Amino acid sequence: FMLTIFETKKAEKNHLKNLIALAKADGQVSPKEMEIISSTGEKLGLKESEINGLLEVITINDITVPSNDSDRFDQIFGLV
């Protein structure tokens, strides 16, 4: 059970990183994109400073592809 919680949190953080990478793909993060990123980060228990730190370092090259089909589908659905 504990491993499942850890894996879920890791997947959620990877999803947030992918959201940031996607938002930065066009060279700018729109206010709506920032709203979604902030909301997602807050749901993960991250502070605004932590979210902003990720915004500074994440690039489009940092996308992490989930390891199984179910997680891939969930992430694609969330990104769209």
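User: How many helices and how many strands does the secondary structure of the protein come to?
Analyst: Helices (H or I, at least four residues) and strands (E, at least two) are DSSP runs, numbered from the N terminus. This is a predicted model, in which local features need pLDDT of at least 70, side-chain atom pairs count only at pLDDT 80 or more, and totals for chains, interfaces and linings use all residues. Residues are numbered from 1 along each chain as its sequence is written, and side-chain values use heavy atoms, with hydrogens and water left out. From the N terminus on, the elements run α-α-α-α, and the count is four helices and zero strands.

User: What share of the 80 residues in the protein is buried?
Analyst: Buried means under 20% relative accessible area, exposed over 50%, and partly exposed in between (1.4 Å probe, protein chains only). Of the 80 residues in the protein, the buried share is 24%.

User: What share of the contacts with a separation of 6 or more joins residues 24 or more positions apart?
Analyst: Contact means heavy atoms within 4.5 Å. Among contacts in the protein with a separation of 6 or more, residues 24 or more positions apart account for 64%.

User: Which class of angle do α2 and α3 make?
Analyst: Axes are lines fitted to C-alpha atoms, for helices over the stretch in contact, and angles run from 0 to 180 degrees between N-to-C directions. Helix α2 (residues 31–43) and helix α3 (residues 48–57) pack at about 125 degrees, with axes 10 Å apart. Angles under 35 degrees count as roughly parallel, over 145 as roughly antiparallel, 65 to 115 as roughly perpendicular and the rest as oblique. The angle of α2 to α3 is therefore oblique.

User: Which residues of α2 and α3 make the contact, and how many of them are charged?
Analyst: From α2 come Met34, Ile37, Ser38, Gly41 and Glu42, and from α3 come Ile51, Asn52 and Leu55. Ala, Val, Leu, Ile, Met, Phe, Trp, Tyr, Cys and Pro count as nonpolar, Asp, Glu, Lys and Arg as charged, and the others, Gly among them, as polar. By class, the contact has four nonpolar residues, three polar and, as charged, one.

User: Which residues is Leu54 in contact with, leaving aside its neighbours within four places in sequence?
Analyst: Leu54 lies in helix α3. Its C-alpha is 9.7 Å from that of Ala21, 33 residues apart in sequence. With neighbours within four places left aside, the contacts of Leu54 are Leu16, Lys17, Ile20 and Leu46.

User: Is Thr40 buried or exposed?
Analyst: Thr40 is found in helix α2. Leaving aside neighbours within four places in sequence, Thr40 is in contact with His15, Leu16 and Leu19. Its relative accessible area is 19%, so Thr40 is buried.

User: What is the C-alpha separation of Asn18 and Asp62?
Analyst: Asn18 is found in helix α1. Asn18 counts as buried because its relative accessibility is 1%. Asp62 is 44 residues from Asn18 along the chain, and their C-alpha atoms are separated by 7.3 Å.

User: Where is Asp74 found, and how does it count by accessibility?
Analyst: The C-alpha atoms of Asp74 and His15, 59 residues apart in sequence, are 9.5 Å apart in space. Asp74 is found in helix α4 (residues 69–79). Its relative accessibility is 45%, so Asp74 counts as partly exposed.
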